[in-house]
Amino acid sequence: MTSPTDSTGQMRLPLRRGLSGQEEAFVVSASNAAAHQALLTWPTPLGGTAALCGPAGSGKSHLARVWAERVGALPFDGMEIALADPLELEGRPLLLDSAATVDDETLFHLMNLAQAPGGALLLVSRDLPGQWPVGLPDLRSRLNGLLVLQLEAPDDAVLAAMFRARFAERSLQPAEDVIAYLIRRVDRSADSVERVVELLDGAHAPVTRVLARRVLDESGDLFAPE
């Protein structure tokens, strides 16, 4: 199914896409508390642009969607924003994930829109804006002056929440000591959590610490040794 277009042939993207319940599922911990607190009061009435940065699996995309749900921002991922109708972007808060992949001209235009009444732009990326490969001098200057909110790698509280959520999705009920054990063994990322839960589910056995140890030992190239 293709997206509708207007009279100019410009593709029109939907204004809201599945953001309900994001805040309820987000776990605030030491690794993300400062960024979470800052986004509770951003943007100011003056609008503007901010960047939310952190390593893979740190929860930056999830936190960004919590913000988008709260302020009614339009969410986009990377270059898909170039397909949007500019009239729908003006005067609205915008969330742009994978922001470092967007071309200079589009990004510069979006930052200008963010300064209009009602506008705001939250850029999400692993790397800090000062590290993005841009060639437009004015854009480089803008990026260097951004408000930057940083997340750290997931701490124990966030990892435990990830494990509980992934186990629940598969209707698995691990023994009480399993999650605490897994936290010490896996890489601190959402991908690692997803993979180990998948492996435990594939064992088709009660999820105990004994099973967890066996599965991780058999996948030693994926997870840290005990």
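What follows is a chat between two colleagues about a predicted model of a protein chain.

Colleague: Hi! Before we start, what should I know about the model and the numbering?

Modeller: The model is predicted, so local features need pLDDT of at least 70 and side-chain atom pairs count only at pLDDT 80 or more, while totals for chains, interfaces and linings use all residues. Residues are numbered from 1 along each chain as its sequence is written, and side-chain values use heavy atoms, with hydrogens and water left out.

Colleague: Thanks. How many helices and strands does the protein chain have?

Modeller: There are ten helices and five strands in the protein chain. Both are DSSP runs numbered from the N terminus: helices are H or I with at least four residues, and strands are E with at least two.

Colleague: And what share of the residues is buried?

Modeller: Of the 226 residues in the protein chain, 43% are buried. Buried means under 20% relative accessible area, exposed means over 50%, and partly exposed is in between (1.4 Å probe, protein chains only).

Colleague: What about contacts between residues 24 or more positions apart?

Modeller: Those make up 70% of the contacts in the protein chain with a separation of 6 or more. Contact here means heavy atoms within 4.5 Å.

Colleague: Let's look at helix packing. How do H2 and H3 cross?

Modeller: The axes of H2 (residues 33-40) and H3 (residues 60-71) come within 10 Å, crossing at roughly 15°. That makes H2 roughly parallel to H3. Angles under 35 degrees count as roughly parallel, over 145 as roughly antiparallel, 65 to 115 as roughly perpendicular and the rest as oblique. As for the axes, they are lines fitted to C-alpha atoms, for helices over the stretch in contact, and angles run from 0 to 180 degrees between N-to-C directions.

Colleague: Which residues of H2 and H3 meet there?

Modeller: From H2 there are Ala35, His36, Leu39 and Leu40, and they meet Leu63, Trp67 and Arg70 in H3. By class, this contact of H2 with H3 has five nonpolar residues, one polar and one charged. The classes go like this: Ala, Val, Leu, Ile, Met, Phe, Trp, Tyr, Cys and Pro are nonpolar, Asp, Glu, Lys and Arg are charged, and the others, Gly among them, are polar.

Colleague: OK, and how do H7 and H8 pack?

Modeller: H7 (residues 156-169) and H8 (residues 178-185) have axes 10 Å apart and pack at an angle of about 120°. That makes H7 oblique to H8. The contact is made by Asp156, Leu159, Ala160, Phe163, Arg164 and Phe167 of H7, together with Ile179, Leu182 and Ile183 of H8. Its classes come out as seven nonpolar, no polar and two charged residues.

Colleague: What else is Ser58 in contact with?

Modeller: Leaving aside neighbours within four places in sequence, Ser58 is in contact with Leu151, Glu152 and Pro154.

Colleague: Nice. And Gly145, buried or exposed?

Modeller: Gly145 counts as exposed, at 63% relative accessibility. Its place is in the loop between H6 (137-144) and S5 (147-150).

Colleague: Last topic, backbone geometry. Which peptide bond is cis?

Modeller: The one from Trp42 to Pro43 is cis, with omega near 5°. Pro43 lies in the loop between H2 and S1.

Colleague: What is phi like for Ser98?

Modeller: Phi of Ser98 is near 50°, which is positive in a residue other than glycine. Ser98 is in the loop between S3 (93-97) and H5 (104-113), and is partly exposed at 28% relative accessible area.

Colleague: And His204?

Modeller: His204 has a positive phi of about 50° although it is not a glycine. That residue, His204, is in the loop between H9 (190-202) and H10 (209-218) and counts as exposed at 72% relative accessibility.
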